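Visitor: Could you walk me through the salt bridges and the domain contact in this model? I have the sequence and the structure open.

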Amino acid sequence: MKKHVVIVGGGITGLSAAYALLKRAKRDKLNLTCTVLEKDNRLGGKIRTHRENGFVMEEGPDSILARKPAGVELIRELGIESEIVGSNPKGMKTYILHRGKLESIPPGTNMGVPMQFRPFATTKLLSLPGKARALLDLVIPKSTVESDVALGPFLRRRLGDEVVNNIIEPLLAGIYAGSVDELSLKATFPQFLQLEQEYGSLIRGSLRQRQKVPTLTANHGRSVFITLRSGLQTIVERLHDELHTWADLHINTAVTAIHRTEGGQYRLTATRPNGTFTLTADAVVMTAQAPVAAHLLRPLCPQAETLGHIPYVSTAAVLLGYHQDTLNVSLEGSGFVVPRAEGRGITACTWTSSKWPHTAPSGQALLRCYVGRAGQQEPLQQSDEDMVAMVRAELEDIVGLTSKPWFTRVVRWNAGMPQYLVHHREKVENVQEKLRTLAPGLFLAGAGYHAVGIPDCIADGESAAERALQFVGFEH
Ligand SMILES: Cc1cc2nc3c(=O)[nH]c(=O)nc-3n(C[C@H](O)[C@H](O)[C@H](O)COP(=O)(O)OP(=O)(O)OC[C@H]3O[C@@H](n4cnc5c(N)ncnc54)[C@H](O)[C@@H]3O)c2cc1C
């Protein structure tokens with residue numbers, strides 16, 4: 001009998017899961033069908049590119065970590081490798097706001113961990129005692145971390161407060177929009193723990209690891225991050241092209257309930273503008289946000305309630321477009337990040353068209369500022385107009401940019417960033433463990449649970465698809 005896998009959520013995780021199912025169905029001629037149910041009026045979830053007047057504006061993620069293979073591999077499989085661009089080698093410098101001034105991040109740091117002596121010794125981001133304290137990392141004994149701890153205290157013990165507050169925390173805000181003293185070490189940067197345990201020091205470990213990093217080839221050179229010339233949404237569009245003749249893809253369709261039938265299948269209720277319908281699945285891959293999963297899965301598995309306690313932080317992106325000849329400052333480098341202590345509304349700013357020249361047509365410049373992070377949600381209460389005014393005033397203050405943008409665009413991501421707090425992994429694993437017995441064949445995947453970055457979401461979707469296939473009886 002034909003097996004049916006239903007995927008809840010059409011973001012990158014859900015689409016990657018569906019694509020993995022399609023590839024296996026084709027390769028092994030499986031009697032398999034798949035349905036993707038997406039609440040919004042488009043596929044892609046957080047991946048959203050706005051293309052207008054020759055600008056390529058990323059409203060959500062703007063790049064992919066090249067070192068993690070799942071992203072680049074999917075791009076290759078989809079036949080869009082020629083679209084890959086690395087960041088502009090001339091715009092590599094990133095700045096940190098420090099006492100109101102922009103200071104460049106010392107070259108050769110691994111998320112703030114120093115790996116080159118001279119730039120570290122001369123940086124103005126740290127005082128002399130702050131630098132001396134960071135070097136104690138070379139002699140401080142390994143911690144005995146058995147259960148999870150917060151990233152902040154772990155890093156503060158090794159490197160001191162200054163490195164954490166002035167360098168690591170603002171860099172982290174760009175990834176998780178989180179608080180370094182609350183995020184889980186094991187769920188966010190387990191590699192720090194691994195470096196400490198293996199080499200006895202983060203500095204020593206980072207130096208050794210650097211020697212092992214493979215050289216990237218193809219047209220993105222050695223760029224750490226890559227994107228696509230026509231925007232990351234091209235991945236979503238290509239996935240749609242591949243999937244739509246095989247899978248049932250429904251947008252504007254929200255799953256509102258999931259029940260288990262006596263025969264061990266799942267009956268999903270979904271609503272769309274013209275009414276409600278039900279469908280039956282042999283396995284379900286749940287990629288919607290954790291609070292949605294908590295609501296839908298609670299009747300099947302009371303422990304799923306825990307997922308509802310995973311906090312989400314809101315952020316906004318403010319895009320500003322300028323005629324190059326009206327710019328009164330030169331946008332050298334890739335942008336800057338802002339430590340909390342600076343007390344600004346902007347958390348980071350990317351000189352988008354300097355970092356990624358393809359994003360603006362000739363003679364134009366594009367900037368993107370971020371607003372909002374954990375514990376700093378007030379600036380998001382403003383109207384779009386006030387937020388743009390705040391961003392412009394801060395840009396004037398920080399870099400002296402007084403030119404008037406000829407367009408602005410505010411994109412809000414309400415509850416868009418999951419926060420992996422201490423014990424996040426154990427909590428999710430605990431729910432999965434219960435699901436294995438109370439709701440077998442129901443799998444969690446995506447940003448709410450295992451993976452924030454796009455490559456990790458892709459890998460997680462593929463892995464969930466594999467488990468769903470095994471569950472319905474198609475062994476690898
Ligand atoms: C502003 C921002 C910038 C980012 N920058 C980067 C970056 O530069 N690089 C990077 O690698 N990552 C970045 N990320 C993270 C990355 O974009 C996300 O983690 C990833 O796209 C999440 O994919 P997902 O499919 O797991 O979740 P989502 O994209 O959130 O998809 C989940 C889907 O489930 C749907 N859904 C919810 N409820 C229901 C329901 N009841 N029924 C049906 N569907 C439902 C939602 O509408 C949504 O489309 C960024 C994220 C944000 C918000």
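Visitor: In which helix do Arg-238 and Glu-242 both lie?
Guide: Happy to start there! In this predicted model, local features need pLDDT of at least 70, side-chain atom pairs count only at pLDDT 80 or more, and totals for chains, interfaces and linings use all residues. Residues are numbered from 1 along each chain as its sequence is written, and side-chain values use heavy atoms, with hydrogens and water left out. The two residues sit four apart, about one turn of the helix, and both belong to helix 10 (residues 233–243), where helices are DSSP runs of H or I with at least four residues, strands are runs of E with at least two, and both are numbered from the N terminus.

Visitor: How far apart are the closest N and O atoms of Arg-238 and Glu-242?
Guide: A salt bridge here is a side-chain nitrogen of Lys or Arg within 4 Å of a carboxyl oxygen of Asp or Glu. Arg-238 and Glu-242 form one, and their closest N and O atoms are separated by 2.7 Å.

Visitor: Which parts does the pair of Arg-412 and Asp-384 tie together?
Guide: These two also form a salt bridge, with the closest N and O atoms 2.8 Å apart. Asp-384 lies in helix 13 (residues 384–399) and Arg-412 in strand 21 (residues 407–418), so the pair joins parts that are 28 residues apart in sequence: helix 13 and strand 21.

Visitor: Which residues form the salt bridge between Glu-169 and its partner, and what is the distance?
Guide: Across the interface of domain 2 and domain 3 the rule finds one salt bridge. Domain 2 spans 100–212 and domain 3 spans 312–418, with bounds from an automatic or database domain assignment. Glu-169 pairs with Arg-340, and their closest N and O atoms are 2.5 Å apart.

Visitor: Which helix gives the largest share of the side of domain 2 that touches domain 3?
Guide: The contact (heavy atoms within 4.5 Å) takes 13 residues from domain 2 and 14 residues from domain 3. On the domain 2 side, eight residues, the largest share, come from helix 6 (residues 161–176).
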